[in-house]
Amino acid sequence: MKKNVNMLKYLQSVLELEKNVYVLEKAAARIHSQTNYTVTPLNKRSSTPKEPEKVGFGVSVAMALISMFWGVVWGALIGAPIGLVVAWIRTGRLFVGFFTTLFSATGWMHIGIATAIGAGAGIVIGIIFALWGIANNNNKQNFEAAKRKYSSDLAKAKEKYHEELDEKANLLEYSSATRYKLEQTRQTLDKLYGLNIIHPQYRNIVAVASFYQYFDTGRCMMLEGHEGAYNLYENERRMDMIITQLNVVVTQLNKIRNTQYALYEAICEANRRLEDITQDSQLAMSYAKATAENSEIIAYNSHVAAKNTEFLSWMEVWKQL
């Protein structure tokens, strides 16, 4: 009886290690994919503000000329039709005199005068707007306000930039820690397999979960022999009563719930663990900044470390039996 109890404990330990390897392998892959990006330098970000500058003499002249140009254009466009309408009204023939006025010397004289007046007014208005814009831009109070806004926006841009750098560093740190924990767990698993209790052909999570279920339910008392776990496993595999390919298992979990319950439970728990420890909000936090929001990361790695130690200690006891 003691031997069977020890065998059940052994299979349970190996299954736990296989499950942890499954979680850590997928977690390491996910984290690695999230670290494969480059943080955009601060000076190449479109959101980085530009420092305000006072308008120089050359820019002032250019602004004045541009404002005058558009003043002439819009003044002429507005003045010409006004002149035409005035000339038309002065003819006293509002219903029949439009085209006569349009093609008459008097009409063109009014159009020319109104266009000139409009253009002149446009020049004046353009100069006024140009001078107002230059004065407003160079106004000490406004310029200082623009400088303060620039400083505030730049500080926010730098803060965002450094947050992204910290996040990348934390992801790399977690990626390294996960790979390290994965390697440790693989080594522990290899040591348990190294006891040569399970034949190398069956050293995988699917077979081990089946063996554990056989022993736990009392269907088998040993691994070898006609009524042993190996034989039962092969019979069920040949009769397609169980699925033995892990990649198929993970896509058809509901299908194996009744026939391979131990494996079903192991994969379901592993997937839950995986989702808990690889959420983006979790990965963005470093171990040093651990809070309740990312406690799953630390808790799981501590759990794995404790289990590895426990299994290695148990293995030494097994050797003495």
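Colleague: Which residue meets the side chain of K307 in a salt bridge?

Modeller: This is a predicted model, where local features need pLDDT of at least 70 and side-chain atom pairs count only at pLDDT 80 or more, while totals for chains, interfaces and linings use all residues. Residues are numbered from 1 along each chain as its sequence is written, and side-chain values use heavy atoms, leaving out hydrogens and water. A salt bridge here needs a side-chain nitrogen of Lys or Arg within 4 Å of a carboxyl oxygen of Asp or Glu. At 3.5 Å, N to O, the partner of K307 is E310.

Colleague: How many residues apart are K307 and E310 in helix α12?

Modeller: Helices are DSSP runs (H or I, at least four residues), numbered from the N terminus. Both residues lie in α12, about one turn of the helix from each other, and their separation is three residues.

Colleague: Which residue of helix α1 does E310 link to, 301 residues apart?

Modeller: E310 forms another salt bridge, with its closest N and O atoms 3.5 Å from those of K9. This pair links distant parts of the chain, from α12 to α1. Shared partners join K307, E310 and the residue you asked for into one network; that residue is K9.

Colleague: Why does K9 count as partly exposed?

Modeller: Buried means under 20% relative accessible area and exposed means over 50%, with partly exposed in between (1.4 Å probe, protein chains only). K9 falls in the middle class because its relative accessible area is 26%.

How values were computed:
Helices (H or I, at least four residues) and strands (E, at least two) are DSSP runs, numbered from the N terminus.
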